[in-house]
Protein chains: 2
Amino acid sequence: MEKSAGRRHDGHSHGDEELDDRKAAILEAVVTEYIGTAQPVGSHHVATAAGINVSSATIRSEMVALEREGFLVQPHTSAGRIPTDKGYRFFVDQLAEPGSLGPAQRQKVSRFFDQVHGEMEQMLERTSGLLSDLTSYASVVLAPGHESATVRSLQLVGLGPRLALLVVVLADGAVEKRTLDLAEEVPDEVLATAAAHVLGVAQGHPLAPAPAPAPTGDHAVDRIAGMAAAALGELVADEQDRVFVGGSSRLAAAFDAVETVRSVLTILEQQLVVVSLLRDVLERGLSVAIGTEHGYESLASCAVVVAPVSVDGHHAGAVGLLGPTRMNYPEALAAAQVVGERLGERLAGAAGTVGVAAHDAGPGTAQDTAQDMAQDTAEDTTHGTGRGAARGRRRRHAGR
Amino acid sequence: MEKSAGRRHDGHSHGDEELDDRKAAILEAVVTEYIGTAQPVGSHHVATAAGINVSSATIRSEMVALEREGFLVQPHTSAGRIPTDKGYRFFVDQLAEPGSLGPAQRQKVSRFFDQVHGEMEQMLERTSGLLSDLTSYASVVLAPGHESATVRSLQLVGLGPRLALLVVVLADGAVEKRTLDLAEEVPDEVLATAAAHVLGVAQGHPLAPAPAPAPTGDHAVDRIAGMAAAALGELVADEQDRVFVGGSSRLAAAFDAVETVRSVLTILEQQLVVVSLLRDVLERGLSVAIGTEHGYESLASCAVVVAPVSVDGHHAGAVGLLGPTRMNYPEALAAAQVVGERLGERLAGAAGTVGVAAHDAGPGTAQDTAQDMAQDTAEDTTHGTGRGAARGRRRRHAGR
DNA sequence: CCTGGCACTCGGTAGAATCGAGTGCCAGGA
DNA sequence: TCCTGGCACTCGATTCTACCGAGTGCCAGG
């Protein structure tokens, strides 16, 4: 082992190695084939792939090199090759064509966003269903936090003799609530006065821990106002990250080991984990995390595709896809990208000026929108690492 | 086949047949063993089971009869027996001892309900996690509908120039909201007036389609009031059934065929189906639906255990468990029963007088509560059919 | 009516044989 | 120097056989 005559065009060998065109083509063929069939790919298959014009023997020797460099592995001697995580990574960064959605899918998306209605929670939930439908992978939608949304309205509603509900409406349309145990009977007028008082302090500011309410003369009012103010603070801690998971049944189809399915489902159930997973990946500027690139052991056989949802320029949540490492990256990336974008537009519209979009837009309109979207996708899709990945490289075998 | 000398003590033979004690004991042994091991049970195993004092040969002949009558099946000749759905049904109705939770589990429940806090959605979600933890099955919590809850407060909050949010607070503490596209700019005062106007009509009544608001003089107010009233009607249709599913990863452990897992997960994702499933089962007065007893093909290998959640005497939602037909019925029934009851109490408390329970109740208190609960369970648990199932029958092998 | 005994069934396991996809290597040729 | 066809070899998957043993149905005797 460690044959001395290593074939490196490049001096350094950490991570983002270069591969000559032929190796790259072979790697691409292997990945593509394996994604499709889930079977180890042999040299012969690669030789017959489009765009490759060398014999299987040559391919074999190249494969040996690719294996030595960590892009491929053999499950056992005398079997075909399987891509490693590193192999997938190279594929995603350097090889995969942007890939746009098929027309049917594009139409699905357009139709969805034309027709979806209802409040944010419902919309996000359905969006996750859409993503999962488009791709056949499990999907995750991370709701935008309300960190920056300011308080628009605040109300105290009496529910029982000693029970009241604090209802806060934020500028982005979110409604938060919290029951307050008043400990003694409080007349409605006091509730109203206290609410008005707290609103005076909080209005226009984002939800934040306990903005101290200035004391009035009235003891009862002050007490209630204090409680409400404290509850405001708890609200922000309480319900900040909401996650919507869709299509978890797809996981069962994607993995054949029932144990894998179980462990992945377990992760998906822990919303905290899902949130930090998506956050981590996004923060590192990635849109794809393959295998062990994120830190979660039980997701070692999974890949995660994430796309940000931006409303008016700044990040507000994210959409993600969770599938096997042998997922169809181009498609998944395109789907996440498009849905994330459209969702962002939609959210901006809802909170801003446009309001609920016209239902039943005619087929003509839908068509146009789909066209725009296809454009966007083909041009803008940037998938890959944040570390200045070379873009627009290579485009062999032009004709599929 | 169709041996003429059928051994029926009883004349009629539809559904709820009687079994003599020995057959019943054998059936019970088979079910118990199979639930534990998931392996076909042979006559020898049954013979060594507690409470059975006949030879394996005798058991074999009894088993033949049980098979002929449809309580057992053989996967193939020369294998042990497996209970049929009918076998499980008999077991649940006639044989299974009520079964209470173990002390550790009881404590878990008590602790949970002592500590849980936050708003209803969050509580229900966690409750479903609790149930699933207790039993290792997937759990479903059906949120109480707001059909009977009356409107307490109604507010229109301006979000943008032509956008407002209708916020309705119901007497049970639920908050419903809906964005309204106002089509033109409307000053806040008009929104407030319109809201007050609609509230005058709707307050104290349950949410219902379009309670027509009487016209005032002001055209703008009337227009907004009309929109708000219409939105009220849509609210009731929109968000009526909320379902919380927990522990779906348990399904992967319960079934070994990945295809089964997939199809069950698919069902769980369709909330409508889950809702009507639980409803159906409850309506038929059952607390258990085994195999094909409910109509859903893809759940043929599942059993569903349901317990009602009643708040102040009337039904308000339900809790359910979904597992393989070879589930541990006594335990599942007890868990669902207890959690359903406690959840009901808790909900009644939240909407009524008690308010948020004291946190950090000392171990003494928790202990007492657990005791009460155990009592309740042992005495009251009625699991079985609505068709006047004979209760308190049979109790062989007293000493376990 | 129960029981021990007996012949029989048949799924599951183990081992041997076979198949074939795929490999590594090498000598010959462009 | 690099590619290619050829060849021996590996080894998982498949098939076949034998065999074990859990479990059965049946029957004669208690």
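**Reading sheets, DNA contacts and a chain interface**

Biologist: How many bridges join β4(B) to strand β5 of chain B, and in which sense do the two strands run?

Modeller: There are 8 bridges between β4(B) and β5 (residues 163-170) of chain B, and the strands run antiparallel. Strands (E, at least two residues) and helices (H or I, at least four) are DSSP runs numbered from the N terminus, and two strands pair if DSSP finds at least two bridges between them. One such bridge links Gly158(B) with Ala164(B) in β5(B).

Biologist: Before we go on, what am I looking at?

Modeller: This is a predicted model, in which local features need pLDDT of at least 70 and side-chain atom pairs count only at pLDDT 80 or more, while totals for chains, interfaces and linings use all residues. Residues are numbered from 1 along each chain as its sequence is written, chains are lettered from A and ligands numbered from 1 in the order in which they are written, and side-chain values use heavy atoms, leaving out hydrogens and water.

Biologist: Which strands form the open sheet that includes β5, and in what order?

Modeller: The order is β4-β5-β6 in chain B, with antiparallel pairing. Each of β4 (151-160) and β6 (175-181) of chain B has a single partner strand, so one side of each is left without a neighbour in the sheet. On average, neighbouring strands are turned by 20° against each other, direction ignored. Helix α7 (residues 188-202) of chain B packs on this sheet, touching β4 and β5 of chain B, and its direction makes about 160° with that of β4(B). Contact means heavy atoms within 4.5 Å; angles run from 0 to 180 degrees between N-to-C directions, along lines fitted to C-alpha atoms, for helices over the stretch in contact.

Biologist: What is the strand order of the sheet with 5 strands?

Modeller: In chain B, that open antiparallel sheet reads β7-β3-β10-β9-β8. Its edge strands are β7 (243-246) and β8 (288-290) of chain B, each pairing on one side only. Its twist averages 15° from one strand to the next. Helix α6 (residues 120-135) of chain B lies across β3, β7 and β10 (314-324), at about 35° to β7(B).

Biologist: Now the DNA. Which residues are closest to DNA strand C?

Modeller: A residue is near a strand if one of its heavy atoms lies within 4 Å of it. Among the 20 residues that surround DNA strand C, the closest are Ser43(A), Arg22(B), Ser55(B), Thr58(B) and Ser78(B). Of the DNA strand C atoms within 4 Å of the protein, 78% belong to sugar and phosphate.

Biologist: Which part of DNA strand C does Arg60(B) approach?

Modeller: A base oxygen, at 3.2 Å from a polar side-chain atom of Arg60(B). By contrast, the side chain of Ser43(A) has an N or O atom 2.6 Å from a phosphate oxygen.

Biologist: And what lies around DNA strand D?

Modeller: There are 21 residues, of which Arg22(A), Ser55(A), Thr58(A), Ser78(A) and Ser43(B) come nearest. A side-chain N or O atom of Arg60(A) is 3.1 Å from a base oxygen of DNA strand D, and a polar side-chain atom of Ser43(B) is 2.6 Å from a phosphate oxygen.

Biologist: How many residues of chain A are in contact with chain B?

Modeller: 49 residues of chain A touch 49 of chain B. Buried area is the accessible area (1.4 Å probe) that two parts lose on being put together, summed over both; here the figure is about 3,900 Å², with carbon and sulfur atoms giving 53%. Glu119(A), Leu159(A) and Lys177(A) supply 16% of what chain A buries against chain B, more than any other three residues.

Methods:
Polar contact = N/O pair within 3.5 Å; in protein donor to acceptor, adjacent residues only side chain to side chain.
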